[in-house]
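Good morning, colleagues. Please look at the structure on the screen while I go through a few of its packing arrangements.

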Amino acid sequence: MREITLSQAVNEAIAEEMRRDASVFIIGEDVAEAGTPFKVLSGLVEEFGTDRVIDTPIAEPGFMGIAVGAAMTGSRPIVDLMFGDFIFLIMDQLCNQAAKTHYMSGGKLNVPLVLRTNLGATRRSAAQHSQSLHALVAHIPGLKVAMPSSALEAKGLMKTAIRDNNPVVIFEDKLMYQDKAEVPEGEFLIPFGVANVKRQGTDITLIGTSSMVQVCEKAAEILAAEGISAEVIDPRTIVPLDEETLLASARKTSRVIVVDEGHQSYGITGEIASRINEKAFYYLDAPVLRMGAMDVPIPFSPALEDITVPTPETVAANARKLCSGEMIHAA
Amino acid sequence: MYRQMVRIRSFEDNANQLYLSAKMPGLTHMYSGEEAVAVGICEALRKTDKITSTHRGHGHCVAKGADFKNMFCELLGKEEGYCRGKGGSMHIADQSNGNLGANAIVGGSMGIATGSALRAKLLGSDDVTVCFFGDGATAQGLLYEVMNMAALWKLPIIYACENNGYSEYTKTEEIAAGSITARAEAFGIEAVTVDGQDVLAVNDLTQKLVERCRKGEGPFFVELMTYRYHGHHVGDINREYYRSKDEEKLWKTERDPITRFGDWLTTEGLASAEDLAAMSAEIKADAAAAVEYALAAKYPDISEVDMHVFAA
Amino acid sequence: MPHDIIMPALGMAQDTGVLVRWIKQPGEAVAEGDALFEVETDKATMEVEAQSAGYLTQVTAQAGDNVPVGQVIAQISESASDTAAPTSMQPASASETPPEGHEIIMPALGMAQDTGLLVSWQKAPGDAVAADDVLFEVETDKSTVEVAAGFDGFVAALLAEAGDNVPVGEVVAVISAEKPTAASRSARSKPPSAAKAPAAPAPEPVASKPSPAPAITQKAKPATMSGRILASPKLRRLAAAQGLDLDILRRAGVPEPYHAKDLTQLIQLSSRATTSAATIAAARRITAQVPSEGFSAFAAWAHESAGISDSVALLAGLLAGSLRQDDSDIIVAVENYGATTHYHNPDRPRLGQAKALAADGTPSIILRDMRISHISSVTMGAEEAPVITILPADTGLGLILECSAAQLSASGALDCLQKFAARLAEPLNHIL
């Protein structure tokens, strides 16, 4: 099977959907000629024109609000938010308007938009360009949240998102744009709410999101050499969340670590760990562990930045402790 | 147009009573006094043209063709409301008549209105969008972001600023520096000020601007000078500390839009005083009946609480 | 006279007022309508006027105090000095420190509860209290609970009122060793703190930690978890499914916490335990003979002279006396024709007075009365308690004591049986 980069996968997905449905358009900063600073959208304005690949001034609340209005009245906008950190600027339009319109109108108005943005640290971009803020939007009823972990998911989830009649926020890991993966040719969609068991195991379950899936896979390799069999699961979408797959794995292995790049406290890991605690309690032989980014603004210095996020070594270390029955009081 | 203005006034009187007699959950914001603005503008629009509304949205809703029964039901949270009781006064929307909804966030619907205009342009439709907002909302940054883009992309939108002299409990001159129309002109948007209590003037102006919008000459900005008779919301009863009773009295007696238009109609011989009185009585009865209907109507079933979070 | 001055109600949602300043001073003459003090409300400062004429006395709130609406803060009296002068009072208002003594706090009552509704006081200021006396009643989520005083002494001060919702841990009363000269009761305004020097001289409070939560008649949440065995939910489930006791692991010295992998060991240890328990079971069997039986005559004599009609109680009492080493409770279970009755401490205070009760709980010793039977001997093994079977013998009675090694030591068993036999032989010699 051919291999393409995550960047190419996103580009393909969007182009295919724009060909398929004339109401799909892109709006954001530097999306047209520039194809975004990450060059993910290069070539699209040449094919679809400036009417459908719209460059905006640096006015995030403005173009987010415009996208909401366009979506409410018949278009299917893809909003490009250059850095996930800027999500704070658009929270009213995203969470007060887009998320709630279908409900507040008693089901009469839809907001079929996609907000395409990114997350991920270790790029030396410092605190305001390195955050992983998916927990904030996952918390708001009415928003769906997708987290592609490779080029394969990037393509399949993006197409599903564009066809979904609800506001969907997709977070891509900005450090993965050049990472390749096998992606089938032809029409290919990944449904929301279906987790992917990437590696089978029996001793411990490692649940990872976005690039943390790769971290968990590497940890699993380390552990395998020591005789510990780790199962690695990628939920793919946080909202809706495929609980059943996660719970079945927890029941099987009786030990779980949830790994995510959002901050340790009050985040995705807490939610998933809680659900496993509630629904698989009597199968647990160890506390469910959360591993997120440290509760600090991401520092600039490489020496400091690299220790703020989970790594295969730290994941493996915790896995060892859980498997040996060592009591862990907060990672 | 007279009928519509009286309908709005009647609706608001009833809504106010519902609040005062503790029959209405939550709060609402009265449009009484501003009828000529909503009616003058909406009468110049087609059903397929869009409007976005504000927290003070009953007037826009009625003016754009909404039904009394469904509106009262929505205010009381009943199932037959426009939003199945899930939006309430501040989020009332009548999608079939092009009303994209009232908004509880000040300035919250400016983006939506501009987006609707963008969509019209992209999908080759000639419908126009009118964005209602108050003088207070000119303090919101979103207004300038969207006017900028509307001007850049020549969108078919009319920004209608209902300047009633007050931003909640503070006089407009204390919250808006400089000129309101100059703000739009800074973006190269043609801006006009009009007497918001003169329904004919409002309607005439709107018709012209709508025509030009359909031809791609938009956007436009209109500042309508008007006055709200009630407080900011229905519970804002003791308001002498920010607004004198004399001032209120002046607007009510000498500048009431309904009286003014009624006088004009009778003077021009287009209707008799008796006709107008009969129409008012009929509307009052209609409204009263709608209130009774809504009070007796049923609430949505509790199973609806988690419906419509997501669309299928 | 005198008229109480209270903190007035000031507004819809206000239930305390800050006393900004006194306009009149204690002892000053006051005319009706004079401004007495200033109060700060939500909106503005307002003056409170006197409703009668007289002299300002008994001032118990100071400038800066946050006083609950309705609380008495002063009086207007006929004369400038009044009975029960403020200096000798131990006022428990917010401005002064509480009286010396043990602080009684609102106890913790349940997992999620952080306030308790004080339903009623069962003692008044000045009352004598014993540690076990009920001091007040508290309503919890589930029921009304009585809170005991916890200390002997006198109620020096009550610092909350019936109907108050008091945060757990807050002091609600003070019990002093000596009877106070003027005990007080007041509404809660804020927890007593020595924040400022009191206007009237008051003794410094004892620098003691608040008393531990007094005994309450319902179980509060457990203080520590030290008794718990730490084990994973999975192991607990698996052990419970097989009826295994995790305590076995602990007694075997296996380090906690326990996990599913410890199940195998648990199973092994459990099967060993049952077998060893079985081997310990029939550990001791001692027989005795009482050649001439003096008990029946004794019982008859007791009935005639002392009106003691329950001879079985007498018998149980003799046995209890034989078993007794100290003051702990002894329950003698007498089995007779299939029926079991319990006697609690039948040797005290006087022999033969104990009442026969229904069987309740594990007895200290079981007496199987087979005097009227054809049974000649028994070998039953140890039971839940030591058993003495009384059998008919050729002359007199036979006694057989059976117990496990854990229940009675060798010397204890011998001693008990010998004493009982001796008492049965010559009862009078042993009770007099």
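In chain B, helix H2 (residues 35-42) and helix H8 (residues 199-214) have axes that come within 7 Å and cross at roughly 35°. Axes here are lines fitted to C-alpha atoms, for helices over the stretch in contact, and angles run from 0 to 180 degrees between N-to-C directions. Helices (H or I, at least four residues) and strands (E, at least two) are DSSP runs, numbered from the N terminus. This is a predicted model, in which local features need pLDDT of at least 70 and side-chain atom pairs count only at pLDDT 80 or more, while totals for chains, interfaces and linings use all residues. Residues are numbered from 1 along each chain as its sequence is written, and chains are lettered from A and ligands numbered from 1 in the order in which they are written.

Which residues make the contact of H2(B) with H8(B)? From H2(B) they are Ala36(B), Val37(B), Val39(B), Gly40(B) and Ile41(B), and from H8(B) Val199(B), Val202(B), Asn203(B) and Thr206(B). Contact means that C-beta atoms, placed from the backbone, lie within 7 Å. By class, these residues divide into 6 nonpolar, 3 polar and no charged; Ala, Val, Leu, Ile, Met, Phe, Trp, Tyr, Cys and Pro count as nonpolar, Asp, Glu, Lys and Arg as charged, and the others, Gly among them, as polar.

I turn to chain C. There, 7 strands form an open sheet of mixed pairing, in the order S18-S24-S23-S22-S19-S20-S21; two strands pair if DSSP finds at least two bridges between them. S18 (284-290) and S21 (357-358) of chain C stand at the edges with a single partner strand each, so one side of each has no neighbour in the sheet. Strands S19 (residues 331-336) and S20 (residues 339-344) of chain C run antiparallel and are joined by 6 bridges; Ala333(C) has His342(C) as its bridge partner in S20(C). Helix H5 (residues 311-323) of chain C packs on this sheet, touching S19, S20, S22 and S23, and its direction makes about 135° with that of S19(C). Helix H6 (residues 410-425) of chain C also packs on the sheet, touching S18, S23 and S24, at about 20° to the direction of S18(C).

Finally, chain A. Beyond its neighbours within four places in sequence, Val256(A) contacts Thr205(A), Ile207(A), Ala250(A), Ile276(A) and Val288(A).

Terms used
Two residues are in contact if their C-beta atoms, placed from the backbone, lie within 7 Å.
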